[in-house]
Amino acid sequence: MRHTISVLVENKFGVLARIAGLFSGRGYNIESLSVGETIDPNISIMTIVTTGDDRVIEQITKQLNRLVDVIKVVDLTEIDHVEREMVLIKVAPRKENRLELLKTVEIFRGRVVDSGPTTYTIEVTGDEKKIQAFIELMKPLGIKEFVRTGKVAIPREISQRK
């Protein structure tokens, strides 16, 4: 099963390498990894997507918690959270397909972030299924290249209803 793990770490040299080493040293694969500073520039947050059964994920979580520069580890998979990815796709549609391309971008709430004489570069954000669906729709229109971020995720606020 795929798991999304949020890791709060000290923003220090070598932390990413140690975490990546932990995964590779134990034969676990990182499917996606996003890292960025938090409001506090001394702290970063990593969103790691990996695959494993409950035992493997528990082992990964325990090993991550043992690392000195790790502040907090949360498996977001079992809690309510918001997640997003982004894709930038460069498409070279034929003239007769340009309107279809622009309508599809609008439907997916994407936007054209660059255009040239023969290409459009499109940005779309959303969950993994939305991104994959958009890529599939763009294939017949002439994808030249694309880049995709890893997943970023944050827990939802727990409501205090009485």
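A nonpolar core is a set of buried Ala, Val, Leu, Ile, Met, Phe, Trp, Tyr and Cys residues joined through side-chain atoms within 4.5 Å. In this structure, which is a predicted model, the largest such core has 16 residues, and among them V7, I19, F23, I60 and L64 touch the most other members. At least two residues of this core come from each of β1 (2–10), α1 (15–25), β3 (43–51), α2 (54–66) and β4 (70–75). In soluble globular proteins, nonpolar side chains tend to be buried together.

An annotation from a database record can be set beside this picture. The unreviewed UniProt entry carries the annotation "domain: ACT" for residues 4–78.

Helix α3, made of residues 98–107, and helix α4, made of residues 128–142, meet at an angle of about 175 degrees, and their axes are 11 Å apart. Because angles over 145 degrees count as roughly antiparallel, α3 is described as roughly antiparallel to α4. On the α3 side the contact is made by E100, L101, T104 and V105, while α4 contributes F134, L137, M138 and L141. Sorted by class, the residues of this contact are six nonpolar, one polar and one charged.

| Residue | Relative accessible area | State |
|---|---|---|
| T121 | 14% | buried |
| K129 | 70% | exposed |

T121 has its place in strand β7, which covers residues 120–126. Apart from its neighbours within four places in sequence, T121 is in contact with I89, K90, R111, V112, V113 and D114. With a relative accessible area of 14%, T121 is counted as buried, because buried means under 20%.

K129, by contrast, is found in helix α4 and is exposed, with a relative accessible area of 70%. K129 and E85 are separated by 44 residues in sequence, while their C-alpha atoms are 9.8 Å apart in space.

Terms used: Residues are numbered from 1 along each chain as its sequence is written. This is a predicted model: local features need pLDDT of at least 70, side-chain atom pairs count only at pLDDT 80 or more; totals for chains, interfaces and linings use all residues. Side-chain values use heavy atoms; hydrogens and water are left out. Axes are lines fitted to C-alpha atoms, for helices over the stretch in contact, and angles run from 0 to 180 degrees between N-to-C directions. Helices (H or I, at least four residues) and strands (E, at least two) are DSSP runs, numbered from the N terminus. Angles under 35 degrees count as roughly parallel, over 145 as roughly antiparallel, 65 to 115 as roughly perpendicular and the rest as oblique. Contact means heavy atoms within 4.5 Å. Ala, Val, Leu, Ile, Met, Phe, Trp, Tyr, Cys and Pro count as nonpolar, Asp, Glu, Lys and Arg as charged, and the others, Gly among them, as polar. UniProt positions are given in the numbering used here, feature names are shortened, and annotations may be inferred rather than shown by experiment. Buried means under 20% relative accessible area, exposed over 50%, partly exposed in between (1.4 Å probe, protein chains only).
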